[in-house]
Amino acid sequence: MDVNFSPQSQKDLDEIHDYIAADSPERALSWIRQIETACTSLSEAPLLGTPLAIGLRHVRATTYGNYVIYYRVRDDQVDILRVVHGARRPLGSL
């Protein structure tokens, strides 16, 4: 199963990187790689995440550290929609 990162999820990862890099560029790169690995591992267990019951069809959420990964499973593909800190509320922009 393929994993596709949406433009918004790429932007989210860039912002996470930049925030962490302000203190530690090396840690920022390592952390982004870990989050990306968590995202790509969804191809092996795409129904792992919790389905959202907010009127969003087929959207699921799972966590990695303090971050929430919002994604959708379609046929043979996992679409990563957003990656945000758990304290944020991005549902309006999914």
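Visitor: Which residue in S4 does Ala61 stand opposite?

Guide: Ala61 has Tyr70 of S4 opposite to it. The model here is predicted.

Visitor: How are strands of a sheet held together, and how do S3 and S4 run?

Guide: In general, strands of a sheet pair through hydrogen bonds of the backbone, parallel or antiparallel. Here strand S3 (residues 59–64) and strand S4 (residues 67–74) run antiparallel, joined by 6 bridges.

Visitor: What is the strand order of the open sheet?

Guide: The order is S1-S5-S4-S3-S2, 5 strands with mixed pairing. Strand S1 (2–5) and strand S2 (50–51) are the edge strands, each pairing on one side only. H1 packs on this sheet, where H1 touches S1, S4 and strand S5 (77–85). The directions of H1 and S5 make about 35 degrees. Helix H2 (residues 25–40) lies across S1, S3, S4 and S5, at about 130 degrees to S1.

Visitor: How many aromatic pairs does a search of the whole structure find?

Guide: The search finds 2. In one, Trp31 and Tyr64 are tilted, with 5.3 Å centre to centre and 45 degrees between the planes. Trp31 belongs to helix H2 and Tyr64 to strand S3, so this pair ties together parts 33 residues apart in sequence. Trp31 and Tyr67 form a tilted pair too, at 6.3 Å and 55 degrees. Tyr67 is in strand S4, 36 residues from Trp31. The ring pairs link Trp31, Tyr64 and Tyr67 into a cluster.

Visitor: Is Trp31 buried or exposed?

Guide: Buried means under 20% relative accessible area. Trp31 has 14%, so Trp31 is buried. Tyr67, at 10%, also counts as buried, whereas Tyr64 is partly exposed at 25%.

How values were computed. Residues are numbered from 1 along each chain as its sequence is written. This is a predicted model: local features need pLDDT of at least 70, side-chain atom pairs count only at pLDDT 80 or more; totals for chains, interfaces and linings use all residues. Side-chain values use heavy atoms; hydrogens and water are left out. Two strands pair if DSSP finds at least two bridges between them. Helices (H or I, at least four residues) and strands (E, at least two) are DSSP runs, numbered from the N terminus. Contact means heavy atoms within 4.5 Å. Axes are lines fitted to C-alpha atoms, for helices over the stretch in contact, and angles run from 0 to 180 degrees between N-to-C directions. Rings of Phe, Tyr and Trp (its six-membered ring) pair if their centres lie within 6.5 Å; planes under 30 degrees apart count as stacked, over 60 as edge-to-face and the rest as tilted. Buried means under 20% relative accessible area, exposed over 50%, partly exposed in between (1.4 Å probe, protein chains only).
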